[in-house]
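Welcome, and please open your viewer. We will stop at a few helices and look at what surrounds them.

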Amino acid sequence: MSRQSVISLDKTKRCSMYKIAIIPGDGTGPEVVREGLKVLNAAAKKFGFKYETKEFDFSGQRYLKTGKLVGDSDVAELKKYDVIYLGAVGDPDVKPGIIETGVLLKLRFALDQYINLRPVKLYNSNFCPLKDKKPEDIDFVVVRENSEGLYKGMGEFKDKGTANEVATQISYNTRKGVERCIRYAFEYTRKRNKRKKLTLCGKTNVLTFAWDLWQRTFNEVAKEYPDVTTDYAHVDATTMWFVKNPEWFDVIVTDNMFGDIITDLGAMIQGGMGIAAGGNINPQGVSMFEPIGGSAPKYTGKNVINPLAAICAAAMMLENLGEVKAAQAIENAVIKLVSGEIKSLAAGKMGYSTTEIGDLVVKNL
Ligand code: IPM
Ligand code: MN
């Protein structure tokens, strides 16, 4: 088996002027992005870095007006940026799937952002739905494969609309795609240097083709990381452990579909969608950072949505750019707010408006 080269996670990108592409998107996306940019601006002043932004209006409304999604020339333009900062996509006026595949998945695939990195970190036990769990119990990271699996869009209808209709949806897993994801996860676990434990989350007992490939690749790559402890959990059991013993996890690596599902549960145990951030990472290219909750249409324009997930996504973006101190400072400012002033992390119940939360994070910075 030919070996892939080791992925470097150490960013030495720091430069004099970062180019950041902004995609506010749909629903509450623009509102949370505005607060993230407010915090970014304050962090830049404090830590002495500079950046320029350009807004891209990929959204459901633009699609309804122009029929346009993300085209190849848009992708070429975005490749000129250091990072992308995204609010949310999904518009109830557009049939489900069009914006999601035409904007979000299109960007992930076209920019080869093959990792979806989703930290699950509890900042205040008051916001945890689990009994007796403390911040030290819930602090792990999910490395979700972000370019293959069931998301590849492979499949077909046969005899569509008839009584004999068959629909197939194929999980597509390449050795290269699986290996680069697993390698990233091992490197990440080593660099995180917490418990140095990596859990493969799969379904080897039923999905015997895909998960055989994953398990074999995992075992082979593991030999190169003797300092990392490895573990395996079926995906159904993983959801059980998230609730029962989340303290068992350090880093989890899984495929696209399982990663999608378990990270929604992860978001809930860390306090909800209001605080959950993620990064779509291409370690050699342009990465994209986003709050993982959706566009929350029913809260649009009301100034009630929680922007902390978007603010945490901005912190992840800064870390990716090499501005580690600024990233840490934003996280600390969020921790301070979440440990004291804020009543709830849910939209409309925070005791503050969206813009006030942004102001408070700036104040804590
Ligand atoms: C997410 C979302 C997306 C996904 C959708 C909107 C395509 O649920 O980022 O988790 O399934 O990956
Ligand atoms: Mn999801």
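Start by selecting helix H11, residues 354-364, where Thr354, Ile357, Gly358, Leu360, Val361 and Asn364 are buried (under 20% relative accessible area with a 1.4 Å probe, protein chains only). Look down the axis of H11: these buried residues fall within an arc of 160 degrees, so they line one face of the helix (the arc is taken from the directions from helix axis to C-beta atoms). Now show what covers them, which includes helix H1 (29-47), H9 and H10; contact here means heavy atoms within 4.5 Å.

A word on the model: it is predicted, with local features needing pLDDT of at least 70, side-chain atom pairs counting only at pLDDT 80 or more, and totals for chains, interfaces and linings using all residues. Residues are numbered from 1 along each chain as its sequence is written, and side-chain values use heavy atoms, leaving out hydrogens and water.

Next, select H9 (308-321) together with H10 (324-339): they pack at an angle of about 160 degrees, their axes 7 Å apart. That makes H9 roughly antiparallel to H10 (angles over 145 degrees count as such). Show side chains, and you will find residues including Leu308, Ile311 and Leu318 of H9 meeting residues of H10, among them Ile330, Val334 and Leu337.

Finally, go to helix H7, residues 235-244, where Val235, Thr238 and Phe242 are buried. Viewed down the axis of H7, they fall within an arc of 45 degrees, so they line one face of the helix. Packed against them are strands S5 (139-145), S8 (197-202), S9 (229-234) and S10 (251-254), along with helix H8 (256-269).

Technical notes: Chains are lettered from A and ligands numbered from 1 in the order in which they are written. Buried means under 20% relative accessible area, exposed over 50%, partly exposed in between (1.4 Å probe, protein chains only). Helices (H or I, at least four residues) and strands (E, at least two) are DSSP runs, numbered from the N terminus. Axes are lines fitted to C-alpha atoms, for helices over the stretch in contact, and angles run from 0 to 180 degrees between N-to-C directions. Angles under 35 degrees count as roughly parallel, over 145 as roughly antiparallel, 65 to 115 as roughly perpendicular and the rest as oblique.
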